[in-house]
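Me: I would like to learn how to read a few features in a structure. Could you take me through them one at a time?

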Amino acid sequence: MNLSAPQQTEFAPPPEPARGRSFALAAAAHVLLFVALGLVTRWTTQPQVVSAEAELWSAVPQQAAPRLAEPEPTPPPAPPAEPVKPEPPKPAPRPAPEPQPDTRDAEIALKKQKDDEKRKALDKEKAEKQRQDKLEKEKAEKDKAEKEKKLKEQKLKEDKAREEKEREKKKAEAEKRKAEEAKEKAEAARAEALRQENLKRMQGLAGASGGENSTGTALKSSGPSASYAGRLVARIKPNITYPGDVVGNPRAEVEVRVGADGSIQSRRIVQSSGNKAWDEAVLRAIDKTEVLPRDTDGRVPPVIVLGFRPLD
């Protein structure tokens, strides 16, 4: 049993209707299209005239020269038999119109010159303005620097004055405090001395050696004896060397400070005699003596005033 033929017809696509007519229409359309393109692109041979026009002009206006007139042809000589008829005068050839000068270049040059001058003026004005601005800026900076310098100097001066004032105030306070401390110490020392003196006085009243009319507070009287000053003067006077004469009998009083061993520590004139040479002679004699003798109690007073007269 052959099943191939029925199966192919069963599953095959249905045939397209009017296929040949479609192909015919398409071919006709293409033919018409080619004909139309041929008609449109057909070359036409027509004479072509190329014309060009040029205009020449210069930057500076120039006047054109007159057009050259063609010379008139010389007439042929007339035969001698016939009279020569005068020819009517021909009109002179009209001169060619002079071309108008082209002022566009001059206007352009003039405008360019004006623009250059204007630009130069603007540049000059701008430069001048920049210079003025620079000068004003420099002046402002200079004024600012001077002002800052003055303010700084004034501040330094004020700081220095304030420091000086504070230093003086501290110094015054320190001196005041020092004086108060010294005063307090002096008062304390005086009070202590008074207290000690009162204690000694209270403790030694029973052993006092003064007389009934004595007003002292010590246990016993102290000081040089009545003859001690005369003994010292007698000890020093042989050392006086005075070559001149003395008018009258002036007295020179000398304060002598003596150590515990009797050595002379210093001397000074407390009352001058009026004769400088005598005063100096007395001082030299004291220096020469060097050591003073002890008093009757075996002591040497630390300070004693001695009087010297030339005639005593």
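Me: Is Ala277 buried or exposed, or something in between?

Reply: Ala277 is partly exposed, with a relative accessible area of 36%. Buried means under 20% relative accessible area, exposed means over 50%, and partly exposed is in between (1.4 Å probe, protein chains only). Do keep in mind that this is a predicted model, where local features need pLDDT of at least 70, side-chain atom pairs count only at pLDDT 80 or more, and totals for chains, interfaces and linings use all residues. Residues are numbered from 1 along each chain as its sequence is written, and side-chain values use heavy atoms, with hydrogens and water left out.

Me: Where does Ala277 lie?

Reply: Ala277 lies in helix H5, which spans residues 276–289. Helices (H or I, at least four residues) and strands (E, at least two) are DSSP runs, numbered from the N terminus. The C-alpha atom of Ala277 is separated by 8.6 Å from that of Gly244, 33 residues apart along the chain.

Me: Which strands does helix H5 lie across?

Reply: Helix H5 lies across S1, S2 and S3, and runs at about 160° to S2. Contact here means heavy atoms within 4.5 Å. For the angle, axes are lines fitted to C-alpha atoms, for helices over the stretch in contact, and angles run from 0 to 180 degrees between N-to-C directions.

Me: In what order do the three strands come in their sheet?

Reply: The order is S2-S1-S3, in an open sheet with antiparallel pairing. Two strands pair if DSSP finds at least two bridges between them. Strand S2 (264–271) and strand S3 (303–308) each have a single partner strand, so one side of each is left without a neighbour in the sheet. On average, neighbouring strands of this sheet are turned by 25° against each other, direction ignored.

Me: How many bridges link S1 and S3?

Reply: Strand S1 (residues 252–258) pairs with S3 over six bridges, in the antiparallel sense. One of the residues to look at is Ala252, whose bridge partner in S3 is Phe308.

Me: How should I read a salt bridge, and how many does the structure hold?

Reply: Side chains of opposite charge can pair when their charged atoms come close. A salt bridge is a side-chain nitrogen of Lys or Arg within 4 Å of a carboxyl oxygen of Asp or Glu. The structure holds 12 of them.

Me: Which residue does Arg131 meet in a salt bridge?

Reply: Arg131 meets Glu128, at 2.7 Å from N to O. These two are three residues apart in helix H3 (residues 104–204), so they are separated by about one helical turn. Arg131 is partly exposed at 40% relative accessibility, and Glu128 is partly exposed at 36%. Helix H3 also holds Asp159 and Arg162, again three residues apart, about one turn of the helix. Their side chains form a salt bridge of 2.4 Å, N to O, and Arg162 is partly exposed with a relative accessible area of 44%.

Me: What is the N to O distance between Arg299 and Asp297?

Reply: The salt bridge between their side chains has an N to O distance of 3.3 Å. Arg299 is partly exposed at 47% relative accessibility, and Asp297 is partly exposed at 42%.
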